[in-house]
Amino acid sequence: MTDDFSFATLDLDDESHENTARVNGWLDAVTRGFHQGHATDEFREKWLAAVRLDGATSRGVWESPELPLSTEVPVATFGHFVKTLNAGAAHLPARMITDVTVAPTHRRRGLMRRLMTENLEDAASTGIPVVVLTASEGAIYQRFGFGPATREAQVRVDSTSRFQLRQVPDDGGRVAMVDASVAWPTLSAVFEKHHLVTRGSLGRPTYYEAWLKGYDWQAQSEDRRQRIAVRFGPDGEADGFVAYAQKRTEGTGEIEVRDMVTSSPAAHLALWQFLADIDLADVVTVSAPVVDPLTHALVDHRVRRVTAMPDHLWVRILDVQAALEARPWFGTDRIVLRVVDGLGHADGTFSIDASDGRAAVTSTTDAPDVTLDVETLGTLYLGDVTVDPLAKGGRITATGEALRRFAALADGSPSPHCNTHF
Ligand SMILES: CC(C)(COP(=O)(O)OP(=O)(O)OC[C@H]1O[C@@H](n2cnc3c(N)ncnc32)[C@H](O)[C@@H]1OP(=O)(O)O)[C@@H](O)C(=O)NCCC(=O)NCCS
């Protein structure tokens with residue numbers, strides 16, 4: 001059914017008039033898919049500069065002959081690039097899928113299915129162990145083996161006098177407002193430190209640089225209201241930053257945190273004290289870790305209120321051995337795990353031999369102790385969800401004893417946090 005179309009990869013380096021029209025058409029399809037404004041020339045230039053540095057691949061599907069009055073706009077788009085995922089015990093290359101759109105006139109004809117299955121085959125053939133994405137809706141990607149693996153808490157914090165930390169961080173560090181146009185190397189270094197120590201963290205695409213300098217990719221214009229504060233630790237090195245803007249809602253001043261990245265608990269709490277101290281606001285809103293030390297650092301924990309808890313990162317494991325050897329394991333035991341994968345990539349039976357926090361994973365012909373599908377393995381992978389609720393939800397098959405042993409090996413802190421959006 002998808003044979004009537006031409007599937008092709010954009011040339012992101014060709015600046016000829018003809019190819020620029022093709023890139024414009026591709027971007028027009030993406031912005032149409034997400035109901036955003038048509039891409040401006042400035043947007044295209046900034047986008048191209050960023051995706052070139054990321055070595056991105058942008059695929060499109062064009063109808064042949066071309067659709068009437070719709071020059072060079074493809075009927076589907078699909079992009080990816082590779083960064084690293086902190087799997088808890090090691091970093092792994094992760095293919096990040098993005099810009100998935102299909103024109104409203106061409107939906108449900110299998111275009112996305114073909115783009116996705118080809119992409120997963122390509123990733124597997126080039127040795128990529130995990131593929132990740134974020135999902136606009138909750139029922140699309142399970143069929144391709146993706147499981148929701150991290151969530152983000154949407155949080156409202158009362159920053160009136162009710163906000164009180166049990167102990168105000170007093171380690172000799174300080175917080176400074178910085179000029180976004182020159183702060184990028186410092187912000188980038190803070191993110192790299194955070195990425196090193198945070199389970200579930202995913203490397204950031206290059207377009208973060210323009211965004212933190214004030215370019216609003218959604219509005220396609222400069223946002224001159226965004227401010228950035230950096231926390232410098234006692235050694236003078238930056239160990240956290242926050243990007244925010246103040247807005248007035250219902251007569252109340254609100255500090256809307258757009259990005260908050262820290263590499264130490266002291267930096268996290270110091271930046272919270274900074275946010276609570278900002279005048280002309282009595283609430284702070286932020287996307288926060290699900291398990292947030294702030295909750296336990298407050299005198300009154302109800303000051304921090306979770307308003308929503310959407311899923312964030314979806315994980316699709318392609319190489320079970322590489323993926324499971326990069327995550328932490330707890331206790332000393334051996335479990336035989338049967339992974340069922342309708343697309344074949346991760347299908348097999350694996351021996352997980354765990355000790356000292358890591359596991360050696362090998363293929364085996366032994367009888368399995370535990371059986372689950374690849375989607376469930378993705379959900380379990382980063383530790384946001386434990387074995388017990390998945391088993392009770394009918395997603396893991398095992399005898400009671402095997403389940404207890406599997407949980408003892410697989411479940412353990414820290415809980416993950418991914419604050420990369422793409
Ligand atoms: C989501 C979207 C990309 C799907 O593209 P599509 O070409 O219509 O999808 P396909 O025809 O290839 O569908 C493949 C399968 O996914 C299912 N599916 C597609 N979109 C779905 C949705 N929104 N909810 C539930 N299932 C969905 C189809 O029913 C089909 O199932 P089956 O083959 O197992 O029976 C398209 O609707 C779109 O562009 N939406 C707007 C932008 C968007 O949300 N992009 C996703 C960003 S994460």
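This note covers the domain layout and a few backbone details of a predicted model.

1. Start with the overall division. The protein chain splits into three parts: domain 1 (2-128), domain 2 (153-308) and domain 3 (319-410). Take the centres over C-alpha atoms, and domain 2 and domain 3 lie 36 Å apart.

2. A word of background for the points below. Most peptide bonds are trans, and most residues other than glycine have a negative phi. The next points pick out residues to check against that background.

3. Look at Arg108. Its phi is near 55 degrees, a positive value, and the residue is not a glycine. Arg108 sits in the loop that runs between strand S4 (91-102) and helix H3 (111-125). Its relative accessibility is 69%. Exposed means over 50%, so Arg108 counts as exposed.

4. Now turn to Gln220. This residue is not a glycine either, yet its phi is positive, at about 55 degrees. Gln220 belongs to the loop between strand S9 (215-216) and strand S10 (221-222). Is Gln220 buried or exposed? Its relative accessibility is 10%. The cut-off for buried is under 20%, so Gln220 counts as buried.

5. Arg108 is exposed, whereas Gln220 is buried. Phi is positive in Arg108 and also in Gln220.

6. Finally, check the peptide bond from Ser413 to Pro414. This bond is cis, and its omega is near 0 degrees. Where does Pro414 lie? Pro414 is in the segment after helix H11 (400-410).

Notes:
Residues numbered from 1 in each chain as written. Predicted model: local features only at pLDDT ≥ 70, side-chain atom pairs only at ≥ 80, totals over all residues. Heavy atoms only, no water. Helix = DSSP H or I, 4+ residues; strand = E, 2+ residues; numbered from the N terminus. Buried < 20%, exposed > 50% of the residue type's maximum accessible area, 1.4 Å probe, protein only. Domains from an automatic or database assignment.
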